[in-house]
Amino acid sequence: MDKKKRQKRKYCAECFLNSDIFGVNINNNGLCQECVASKKGSKLQERYKSLVLKAEKRFSIAKKKNSIYDVLVMFSGGKDSAYLLHLLKNKYQLNPLAFCVSVPFLSCKQLSNITEISRKLKVDLIKFVVEQEMYLEYIKFGLSNFGKQSKENNLNYFGCSLCRYIINIVSYNFALRLGIPIIAAGIDKNQSTGPVIDIDNKRNKLKKKYEFFGRAFNKRFRREHNKDIYRFNVDAFTDDQLPDLIYPFTFFEYSDDLAFNSLSEVGIKKNILNSGKGKCCTMAYYFIYLSYKINNNHSHIKILSRKIRKGQKMRFGRAVMRDKKEIEEYLNHEKAALFYLASNQRKDINYEKFNKMFPMITKKDCKEMVDIYNYLGYFKDAKFQKDF
Ligand SMILES: [Zn+2]
(Lines give C-alpha, C1' and ligand atoms only; values in the text may rest on other atoms or scores of the structure.)
Protein backbone atom coordinates (compact mmCIF):
# COMPACT_ATOMS: atom_id res chain seq x y z
CA MET A 1 0.00 0.00 0.00
CA ASP A 2 1.36 3.41 -0.85
CA LYS A 3 2.19 5.98 1.81
CA LYS A 4 -0.35 8.50 0.65
CA LYS A 5 -3.19 6.07 1.25
CA ARG A 6 -1.92 5.03 4.67
CA GLN A 7 -1.93 8.63 5.83
CA LYS A 8 -5.54 9.02 4.85
CA ARG A 9 -6.80 6.02 6.83
CA LYS A 10 -9.57 7.08 9.21
CA TYR A 11 -10.54 4.95 12.18
CA CYS A 12 -13.97 4.52 13.76
CA ALA A 13 -13.94 5.77 17.33
CA GLU A 14 -16.02 2.87 18.64
CA CYS A 15 -15.10 -0.29 16.73
CA PHE A 16 -12.12 -1.61 14.74
CA LEU A 17 -13.30 -0.58 11.29
CA ASN A 18 -11.42 1.93 9.17
CA SER A 19 -11.68 3.65 5.83
CA ASP A 20 -9.33 1.20 4.08
CA ILE A 21 -11.92 -1.57 4.32
CA PHE A 22 -14.08 -1.77 1.21
CA GLY A 23 -17.47 -0.15 1.74
CA VAL A 24 -16.63 1.40 5.12
CA ASN A 25 -17.11 5.16 5.52
CA ILE A 26 -16.15 7.10 8.63
CA ASN A 27 -18.43 10.13 9.15
CA ASN A 28 -17.54 13.57 10.56
CA ASN A 29 -18.27 12.36 14.09
CA GLY A 30 -15.65 9.65 13.63
CA LEU A 31 -18.13 6.75 13.42
CA CYS A 32 -18.53 4.01 10.81
CA GLN A 33 -21.97 3.37 9.32
CA GLU A 34 -22.35 0.06 11.20
CA CYS A 35 -21.87 1.85 14.53
CA VAL A 36 -24.33 4.57 13.47
CA ALA A 37 -26.90 1.94 12.46
CA SER A 38 -26.48 0.00 15.70
CA LYS A 39 -27.49 3.10 17.69
CA LYS A 40 -30.92 3.14 16.07
CA GLY A 41 -31.47 -0.59 16.09
CA SER A 42 -34.66 -0.80 18.17
CA LYS A 43 -36.83 -1.72 15.19
CA LEU A 44 -34.61 -4.73 14.60
CA GLN A 45 -36.24 -6.84 17.32
CA GLU A 46 -39.64 -6.57 15.59
CA ARG A 47 -38.06 -7.58 12.31
CA TYR A 48 -36.35 -10.59 13.89
CA LYS A 49 -39.67 -11.76 15.33
CA SER A 50 -41.37 -11.74 11.95
CA LEU A 51 -38.43 -13.61 10.39
CA VAL A 52 -38.66 -16.33 13.06
CA LEU A 53 -42.31 -16.88 12.06
CA LYS A 54 -41.31 -16.95 8.41
CA ALA A 55 -38.61 -19.58 9.07
CA GLU A 56 -40.99 -21.68 11.17
CA LYS A 57 -43.45 -21.68 8.29
CA ARG A 58 -40.73 -22.97 5.93
CA PHE A 59 -39.87 -25.70 8.46
CA SER A 60 -43.47 -26.98 8.45
CA ILE A 61 -43.64 -26.86 4.65
CA ALA A 62 -40.38 -28.88 4.51
CA LYS A 63 -41.78 -31.47 6.89
CA LYS A 64 -44.75 -32.12 4.60
CA LYS A 65 -42.55 -32.62 1.54
CA ASN A 66 -41.64 -36.24 2.27
CA SER A 67 -38.00 -35.80 1.32
CA ILE A 68 -35.48 -38.23 2.79
CA TYR A 69 -34.31 -35.36 5.04
CA ASP A 70 -36.16 -32.13 5.86
CA VAL A 71 -33.04 -30.02 6.21
CA LEU A 72 -29.31 -30.28 5.48
CA VAL A 73 -27.36 -28.71 8.34
CA MET A 74 -23.87 -27.56 7.49
CA PHE A 75 -22.04 -29.14 10.36
CA SER A 76 -18.57 -28.11 11.48
CA GLY A 77 -18.51 -29.74 14.90
CA GLY A 78 -18.65 -26.34 16.58
CA LYS A 79 -21.19 -25.33 19.21
CA ASP A 80 -23.26 -23.24 16.77
CA SER A 81 -23.93 -25.97 14.24
CA ALA A 82 -24.31 -28.63 16.96
CA TYR A 83 -26.92 -26.50 18.74
CA LEU A 84 -28.68 -25.85 15.41
CA LEU A 85 -28.99 -29.60 14.80
CA HIS A 86 -30.34 -30.03 18.32
CA LEU A 87 -32.86 -27.19 17.89
CA LEU A 88 -34.16 -28.36 14.50
CA LYS A 89 -34.47 -31.96 15.61
CA ASN A 90 -35.87 -31.56 19.09
CA LYS A 91 -37.76 -28.25 19.10
CA TYR A 92 -38.98 -28.28 15.50
CA GLN A 93 -39.23 -32.07 15.12
CA LEU A 94 -37.47 -32.00 11.76
CA ASN A 95 -35.39 -34.82 10.32
CA PRO A 96 -32.00 -33.14 9.76
CA LEU A 97 -28.96 -34.48 7.96
CA ALA A 98 -25.70 -33.38 9.56
CA PHE A 99 -23.46 -32.61 6.60
CA CYS A 100 -19.79 -31.98 7.18
CA VAL A 101 -17.58 -30.80 4.34
CA SER A 102 -14.12 -31.47 5.61
CA VAL A 103 -11.52 -29.33 3.92
CA PRO A 104 -7.87 -30.36 4.27
CA PHE A 105 -5.96 -29.62 7.46
CA LEU A 106 -8.81 -29.78 9.89
CA SER A 107 -7.48 -31.60 12.91
CA CYS A 108 -8.14 -35.36 13.24
CA LYS A 109 -9.58 -34.56 16.64
CA GLN A 110 -12.23 -32.42 15.04
CA LEU A 111 -13.27 -35.19 12.66
CA SER A 112 -13.73 -37.69 15.47
CA ASN A 113 -15.62 -35.14 17.59
CA ILE A 114 -18.05 -34.66 14.72
CA THR A 115 -18.96 -38.34 14.83
CA GLU A 116 -19.39 -38.31 18.59
CA ILE A 117 -21.58 -35.20 18.56
CA SER A 118 -23.91 -36.52 15.86
CA ARG A 119 -24.17 -39.84 17.72
CA LYS A 120 -25.21 -38.00 20.87
CA LEU A 121 -27.72 -35.89 18.92
CA LYS A 122 -29.04 -39.06 17.24
CA VAL A 123 -28.79 -37.65 13.73
CA ASP A 124 -27.38 -39.11 10.51
CA LEU A 125 -24.04 -37.73 9.41
CA ILE A 126 -22.29 -37.45 6.06
CA LYS A 127 -18.62 -36.52 6.13
CA PHE A 128 -17.41 -35.35 2.78
CA VAL A 129 -13.64 -35.13 2.67
CA VAL A 130 -12.35 -32.75 0.00
CA GLU A 131 -9.38 -34.02 -1.98
CA GLN A 132 -6.31 -32.17 -0.73
CA GLU A 133 -4.28 -31.48 -3.85
CA MET A 134 -7.20 -30.06 -5.82
CA TYR A 135 -8.21 -27.91 -2.85
CA LEU A 136 -4.79 -26.35 -2.44
CA GLU A 137 -4.46 -25.83 -6.18
CA TYR A 138 -7.77 -23.99 -6.20
CA ILE A 139 -6.83 -21.79 -3.22
CA LYS A 140 -3.47 -21.04 -4.81
CA PHE A 141 -5.05 -20.20 -8.16
CA GLY A 142 -7.74 -18.05 -6.53
CA LEU A 143 -5.29 -16.08 -4.40
CA SER A 144 -2.87 -15.61 -7.28
CA ASN A 145 -5.42 -14.52 -9.85
CA PHE A 146 -8.09 -12.78 -7.87
CA GLY A 147 -6.47 -11.69 -4.61
CA LYS A 148 -5.90 -8.16 -5.81
CA GLN A 149 -9.41 -7.93 -7.22
CA SER A 150 -10.87 -8.95 -3.89
CA LYS A 151 -10.94 -5.38 -2.70
CA GLU A 152 -12.92 -4.20 -5.69
CA ASN A 153 -15.29 -7.11 -5.27
CA ASN A 154 -16.03 -6.24 -1.67
CA LEU A 155 -14.53 -9.46 -0.36
CA ASN A 156 -13.08 -8.85 3.02
CA TYR A 157 -12.12 -12.37 3.97
CA PHE A 158 -10.81 -13.41 0.63
CA GLY A 159 -8.99 -16.60 1.65
CA CYS A 160 -11.90 -17.76 3.79
CA SER A 161 -14.35 -16.86 1.00
CA LEU A 162 -12.50 -19.08 -1.47
CA CYS A 163 -12.67 -21.98 0.96
CA ARG A 164 -16.32 -21.32 1.77
CA TYR A 165 -17.16 -21.57 -1.93
CA ILE A 166 -16.06 -25.24 -1.89
CA ILE A 167 -18.00 -26.01 1.30
CA ASN A 168 -21.19 -24.29 0.13
CA ILE A 169 -21.21 -25.64 -3.41
CA VAL A 170 -20.74 -29.23 -2.25
CA SER A 171 -23.60 -28.73 0.23
CA TYR A 172 -25.86 -27.34 -2.51
CA ASN A 173 -25.06 -30.22 -4.85
CA PHE A 174 -25.92 -32.77 -2.18
CA ALA A 175 -29.13 -31.01 -1.13
CA LEU A 176 -30.24 -30.77 -4.77
CA ARG A 177 -29.45 -34.40 -5.61
CA LEU A 178 -31.10 -35.67 -2.43
CA GLY A 179 -34.10 -33.35 -2.81
CA ILE A 180 -33.59 -31.72 0.61
CA PRO A 181 -35.70 -28.52 0.75
CA ILE A 182 -33.66 -26.44 3.23
CA ILE A 183 -29.98 -25.77 3.85
CA ALA A 184 -29.27 -24.34 7.30
CA ALA A 185 -26.04 -23.15 8.91
CA GLY A 186 -25.11 -22.04 12.41
CA ILE A 187 -23.81 -18.63 11.30
CA ASP A 188 -24.73 -16.03 13.93
CA LYS A 189 -25.44 -12.29 13.99
CA ASN A 190 -21.77 -11.42 14.40
CA GLN A 191 -20.66 -13.48 11.44
CA SER A 192 -23.27 -12.14 9.03
CA THR A 193 -23.96 -8.67 7.67
CA GLY A 194 -27.70 -9.23 8.24
CA PRO A 195 -30.42 -11.87 8.62
CA VAL A 196 -30.20 -14.70 6.08
CA ILE A 197 -33.49 -16.29 5.06
CA ASP A 198 -33.34 -16.76 1.30
CA ILE A 199 -36.68 -18.27 0.39
CA ASP A 200 -37.44 -16.33 -2.78
CA ASN A 201 -35.44 -14.92 -5.66
CA LYS A 202 -33.00 -17.68 -4.74
CA ARG A 203 -31.48 -18.17 -8.16
CA ASN A 204 -30.40 -14.56 -8.57
CA LYS A 205 -29.03 -14.36 -5.04
CA LEU A 206 -26.97 -17.52 -5.57
CA LYS A 207 -25.67 -16.32 -8.89
CA LYS A 208 -24.47 -13.10 -7.35
CA LYS A 209 -22.87 -14.88 -4.43
CA TYR A 210 -20.95 -17.58 -6.28
CA GLU A 211 -20.26 -16.13 -9.71
CA PHE A 212 -16.82 -14.80 -8.78
CA PHE A 213 -15.56 -17.98 -7.13
CA GLY A 214 -17.21 -20.28 -9.63
CA ARG A 215 -15.29 -18.45 -12.33
CA ALA A 216 -12.03 -19.01 -10.46
CA PHE A 217 -12.81 -22.70 -10.10
CA ASN A 218 -13.85 -23.25 -13.70
CA LYS A 219 -10.81 -21.43 -14.99
CA ARG A 220 -8.43 -23.64 -13.06
CA PHE A 221 -10.26 -26.98 -13.54
CA ARG A 222 -11.77 -26.37 -16.96
CA ARG A 223 -11.58 -29.90 -18.32
CA GLU A 224 -11.69 -32.06 -15.24
CA HIS A 225 -15.13 -33.72 -15.20
CA ASN A 226 -14.40 -35.54 -11.98
CA LYS A 227 -14.52 -32.14 -10.27
CA ASP A 228 -18.18 -31.50 -11.11
CA ILE A 229 -19.22 -31.82 -7.47
CA TYR A 230 -17.49 -28.43 -7.01
CA ARG A 231 -19.41 -26.80 -9.84
CA PHE A 232 -22.89 -25.42 -9.66
CA ASN A 233 -24.79 -24.31 -12.72
CA VAL A 234 -27.38 -22.15 -10.98
CA ASP A 235 -29.18 -21.47 -14.28
CA ALA A 236 -30.13 -25.13 -14.60
CA PHE A 237 -32.55 -24.80 -11.66
CA THR A 238 -35.73 -22.87 -10.94
CA ASP A 239 -36.38 -21.10 -7.65
CA ASP A 240 -38.77 -23.92 -6.70
CA GLN A 241 -36.10 -26.56 -7.19
CA LEU A 242 -33.42 -24.72 -5.24
CA PRO A 243 -33.31 -25.30 -1.49
CA ASP A 244 -34.10 -22.44 0.91
CA LEU A 245 -31.04 -21.03 2.62
CA ILE A 246 -31.69 -20.19 6.27
CA TYR A 247 -29.20 -19.10 8.94
CA PRO A 248 -31.55 -19.13 11.95
CA PHE A 249 -29.11 -17.53 14.41
CA THR A 250 -28.91 -14.39 12.29
CA PHE A 251 -32.39 -13.60 13.68
CA PHE A 252 -33.28 -16.18 16.40
CA GLU A 253 -32.51 -15.59 20.07
CA TYR A 254 -29.04 -17.00 20.41
CA SER A 255 -26.00 -16.88 22.65
CA ASP A 256 -22.93 -18.98 23.43
CA ASP A 257 -24.29 -19.84 26.87
CA LEU A 258 -27.64 -20.95 25.45
CA ALA A 259 -25.80 -23.31 23.08
CA PHE A 260 -23.42 -24.72 25.68
CA ASN A 261 -26.16 -25.23 28.28
CA SER A 262 -28.63 -26.88 25.90
CA LEU A 263 -25.96 -29.18 24.52
CA SER A 264 -24.69 -30.21 27.93
CA GLU A 265 -28.27 -31.29 28.77
CA VAL A 266 -28.05 -33.86 25.97
CA GLY A 267 -24.63 -35.04 27.13
CA ILE A 268 -22.38 -32.99 24.87
CA LYS A 269 -19.64 -31.40 26.91
CA LYS A 270 -17.92 -28.13 26.09
CA ASN A 271 -14.53 -29.74 25.51
CA ILE A 272 -15.59 -31.71 22.44
CA LEU A 273 -17.12 -28.70 20.71
CA ASN A 274 -14.68 -26.92 18.46
CA SER A 275 -13.99 -23.29 19.08
CA GLY A 276 -11.22 -20.85 18.35
CA LYS A 277 -9.78 -20.05 14.96
CA GLY A 278 -6.65 -22.17 15.19
CA LYS A 279 -8.53 -25.26 16.29
CA CYS A 280 -11.09 -25.26 13.49
CA CYS A 281 -8.85 -24.34 10.62
CA THR A 282 -5.10 -24.47 10.37
CA MET A 283 -5.27 -21.99 7.49
CA ALA A 284 -6.80 -19.26 9.69
CA TYR A 285 -3.51 -17.67 10.77
CA TYR A 286 -2.14 -17.85 7.26
CA PHE A 287 -5.20 -16.00 5.95
CA ILE A 288 -4.89 -13.42 8.75
CA TYR A 289 -1.29 -12.90 7.69
CA LEU A 290 -2.29 -12.49 4.03
CA SER A 291 -5.10 -10.14 4.98
CA TYR A 292 -2.60 -7.87 6.73
CA LYS A 293 -0.44 -7.99 3.65
CA ILE A 294 -3.34 -7.13 1.33
CA ASN A 295 -4.69 -4.08 3.16
CA ASN A 296 -3.26 -4.07 6.66
CA ASN A 297 -6.42 -5.33 8.35
CA HIS A 298 -7.17 -8.47 10.36
CA SER A 299 -9.31 -10.84 8.26
CA HIS A 300 -12.02 -10.93 10.97
CA ILE A 301 -12.12 -7.19 11.59
CA LYS A 302 -15.87 -6.95 10.92
CA ILE A 303 -16.73 -9.80 13.28
CA LEU A 304 -14.50 -8.32 15.99
CA SER A 305 -16.18 -4.94 15.45
CA ARG A 306 -19.70 -6.39 15.81
CA LYS A 307 -18.68 -7.99 19.10
CA ILE A 308 -17.10 -4.87 20.56
CA ARG A 309 -20.18 -2.86 19.55
CA LYS A 310 -22.34 -5.20 21.65
CA GLY A 311 -19.83 -5.30 24.51
CA GLN A 312 -19.42 -9.05 24.05
CA LYS A 313 -16.43 -10.87 25.41
CA MET A 314 -13.75 -12.09 23.03
CA ARG A 315 -11.56 -15.08 23.54
CA PHE A 316 -8.00 -15.11 22.32
CA GLY A 317 -6.27 -18.31 23.31
CA ARG A 318 -6.93 -18.56 27.02
CA ALA A 319 -7.42 -14.83 27.54
CA VAL A 320 -10.92 -13.30 27.65
CA MET A 321 -11.18 -9.60 26.78
CA ARG A 322 -13.92 -7.00 26.53
CA ASP A 323 -11.91 -3.82 26.44
CA LYS A 324 -11.16 -2.24 23.04
CA LYS A 325 -7.68 -1.11 24.00
CA GLU A 326 -6.73 -4.51 25.30
CA ILE A 327 -8.00 -6.22 22.15
CA GLU A 328 -6.10 -3.80 19.95
CA GLU A 329 -2.98 -4.55 21.93
CA TYR A 330 -3.54 -8.27 21.48
CA LEU A 331 -4.09 -7.87 17.74
CA ASN A 332 -0.84 -5.90 17.47
CA HIS A 333 1.02 -8.72 19.20
CA GLU A 334 -0.66 -11.28 16.98
CA LYS A 335 0.26 -9.36 13.84
CA ALA A 336 3.86 -8.83 14.92
CA ALA A 337 4.18 -12.50 15.86
CA LEU A 338 2.83 -13.64 12.47
CA PHE A 339 5.21 -11.38 10.58
CA TYR A 340 8.06 -12.54 12.79
CA LEU A 341 7.22 -16.18 12.01
CA ALA A 342 6.85 -15.46 8.31
CA SER A 343 10.27 -13.85 8.15
CA ASN A 344 11.92 -16.64 10.16
CA GLN A 345 11.20 -19.67 8.08
CA ARG A 346 12.03 -22.35 10.60
CA LYS A 347 9.72 -24.60 12.57
CA ASP A 348 11.86 -25.09 15.70
CA ILE A 349 10.65 -22.02 17.52
CA ASN A 350 12.15 -21.15 20.89
CA TYR A 351 8.90 -20.58 22.77
CA GLU A 352 10.48 -18.80 25.71
CA LYS A 353 12.18 -16.30 23.50
CA PHE A 354 9.01 -15.95 21.45
CA ASN A 355 6.86 -15.25 24.53
CA LYS A 356 9.26 -12.58 25.70
CA MET A 357 8.84 -10.80 22.39
CA PHE A 358 5.06 -11.20 22.23
CA PRO A 359 3.86 -11.67 25.81
CA MET A 360 0.17 -11.67 24.92
CA ILE A 361 0.57 -14.72 22.68
CA THR A 362 0.42 -17.99 24.59
CA LYS A 363 2.51 -21.04 23.77
CA LYS A 364 -0.65 -22.70 22.48
CA ASP A 365 -1.41 -19.76 20.17
CA CYS A 366 2.12 -19.87 18.92
CA LYS A 367 1.94 -23.59 18.14
CA GLU A 368 -1.19 -22.94 16.07
CA MET A 369 0.43 -19.97 14.36
CA VAL A 370 3.36 -22.11 13.28
CA ASP A 371 0.92 -23.78 10.87
CA ILE A 372 1.55 -20.85 8.56
CA TYR A 373 4.86 -22.53 7.66
CA ASN A 374 2.95 -25.27 5.82
CA TYR A 375 1.25 -22.70 3.65
CA LEU A 376 4.19 -20.36 3.21
CA GLY A 377 6.06 -23.45 2.03
CA TYR A 378 3.29 -24.78 -0.18
CA PHE A 379 2.64 -21.42 -1.80
CA LYS A 380 6.28 -20.40 -1.94
CA ASP A 381 6.29 -20.06 -5.73
CA ALA A 382 2.96 -18.24 -5.90
CA LYS A 383 3.20 -14.71 -7.13
CA PHE A 384 0.71 -13.32 -4.60
CA GLN A 385 2.99 -13.99 -1.63
CA LYS A 386 5.48 -11.54 -3.00
CA ASP A 387 2.97 -9.12 -4.51
CA PHE A 388 0.63 -8.54 -1.62
ZN1 LIG B 1 -17.59 1.57 14.03
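User: What stands opposite I182?

Analyst: In β6, D244 stands opposite I182. The model is predicted, with local features requiring pLDDT of at least 70 and side-chain atom pairs pLDDT 80 or more, while totals for chains, interfaces and linings use all residues. Residues are numbered from 1 along each chain as its sequence is written.

User: How do you know that β4 and β6 pair?

Analyst: Strands pair if DSSP finds at least two bridges between them. Three bridges join β4 (residues 182-185) to β6 (residues 244-247), and the two run parallel; they therefore count as paired.

User: What makes β3 and β5 the edges of the sheet?

Analyst: The open sheet has six strands in the order β3-β2-β1-β4-β6-β5, with mixed pairing. β3 (124-129) and β5 (196-198) each have a single partner strand, so one side of each is left without a neighbour in the sheet.

User: Why are α6 and α8 called roughly perpendicular?

Analyst: Helix α6 (residues 132-146) and helix α8 (residues 202-220) pack at about 115 degrees, with axes 10 Å apart. Under 35 degrees counts as roughly parallel, over 145 as roughly antiparallel, 65 to 115 as roughly perpendicular and the rest as oblique. The two helices are therefore roughly perpendicular to each other.

User: Which residues of α6 and α8 meet?

Analyst: E137, Y138, F141, G142, N145 and F146 in α6 meet A216, F217 and R220 in α8, where contact requires C-beta atoms, placed from the backbone, within 7 Å. The residues of this contact divide into five nonpolar, two polar and two charged, with Gly counted among the polar ones.

Methods:
Axes are lines fitted to C-alpha atoms, for helices over the stretch in contact, and angles run from 0 to 180 degrees between N-to-C directions. Helices (H or I, at least four residues) and strands (E, at least two) are DSSP runs, numbered from the N terminus. Two residues are in contact if their C-beta atoms, placed from the backbone, lie within 7 Å.
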